[in-house]
Amino acid sequence: MAKPKIYIDGKEGTTGLQIYDRLAGREDIELLLIDEDKRKDPEERKKLISQADVVFLCLPDAAAVEAVALAEGTGARIIDASTAHRTAEGWADGMPELSKEHRAAIQKADRVANPGCHATGFITSVYPLVAQGVIPADYPLTVFSLTGYSGGGKKMIAEYESPEKPESYFAPRVYGLTLKHKHLPEMQKVCGLTYPPVFCPVVDDYYKGMAVTVMLQNRLLNGQPTAEEIHAKLASWYEGQKLVKVHPFGWNGMISASELAGKDSLELIVNGHGDQTIVTALFDNLGKGASGAAVQNMNLMLGFEETTGLNL
């Protein structure tokens, strides 16, 4: 049987390079590589797209839309790592752990939207609790997310790694102050929420790793569950998953946002008491938050074991 052919459109970006790193040593696929001087040539890109079984789009939104147009009629299956198609009709949501239906949709899909990094942490924490009727659809959710600077792409990486970076870059920096972050639409849609959450992202002076924390007032939840009961519901939901785990209840220490840097897995840590709960999703923004998730989705689409080539 011929090996599936894979093309990464936008391999030179942070996400594309990370996907390439996970695929380059594999012998069960064939990577198609574009000539460096032709990587922005639409005709050459379309040629490679038409030869590929699966295409990763690691591009700005407008360029991703253009690439989908280039792929029309080629038979190529697409995994889009941009924001462009995350709430679009006809695109499967690329988070297989959410349900059997999500996993089946990815396996048979021709178009998969890879989740955003901040959205991954939020959705992993909130979706099961909405689906089980714990969080009402109109609950006033609040979430903050700590991320390494690699999530900002090449420009931000260069700024943080410059010897002339300003003193303010050595401390956490709150951004997205308009409360209109580009990941909010998928947070709301995927979780089935009436309103988007109030979302506060924070970037800090470390390369990669994320800690996304959702805060809950238990008295406003259906059934007024305790933090330990919420933990039990999340643990039951993700039981048996290979890349999403729920930490035993009762963590009594600090959580480092870079704890899972270099890994493609995600861990949920639930803390609190009878009246209040916090759920923290801990993962790598370049792993389960981007490139690792994209490779996992490719594996599922091609019938490979889902963790093949991933860092566990």
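The following legends describe close-up views of a predicted model.

**View 1. An open, mixed sheet of seven strands.** The strand order is β8-β9-β7-β10-β13-β12-β11, with mixed pairing. Thr 147 has Met 210 of β10 as its bridge partner.

**View 2. A patch of negative charge on the surface.** The patch brings together Asp 35, Asp 37, Asp 41 and Glu 43. Glu 43 belongs to helix α2 (residues 42-51) and is exposed, with 61% relative accessibility.

**View 3. The salt bridge between Glu 306 and Arg 103.** The closest N and O atoms of this pair are 3.1 Å apart.

**View 4. The salt bridge between Lys 208 and Asp 284.** Here the closest N and O atoms are 3.9 Å apart. Lys 208 is in the loop between β9 (198-204) and β10, and Asp 284 in the loop between β13 (276-283) and α9, 76 residues apart. Lys 208 is partly exposed, at 22% relative accessible area, whereas Asp 284 is buried, at 1%.

**View 5. The salt bridge between Asp 28 and Arg 26.** The side chains meet at 3.0 Å, N to O. Asp 28 is partly exposed, with a relative accessible area of 25%, and Arg 26 is buried at 11% relative accessibility.

Note on methods:
Residues numbered from 1 in each chain as written. Predicted model: local features only at pLDDT ≥ 70, side-chain atom pairs only at ≥ 80, totals over all residues. Heavy atoms only, no water. Pairing = 2+ DSSP bridges. Helix = DSSP H or I, 4+ residues; strand = E, 2+ residues; numbered from the N terminus. Patch = residues over 30% accessible without salt bridge, like charges linked within 9 Å, V, L, I, M, F, W, Y side chains within 5 Å. Areas by Shrake-Rupley, 256 points an atom, 1.4 Å probe, with all protein chains shown as cover. Salt bridge = Lys/Arg side-chain N within 4 Å of Asp/Glu carboxyl O. Lys, Arg positive; Asp, Glu negative; His and termini not counted. Charge placed at Lys NZ, Arg CZ, Asp CG, Glu CD. Buried < 20%, exposed > 50% of the residue type's maximum accessible area, 1.4 Å probe, protein only.
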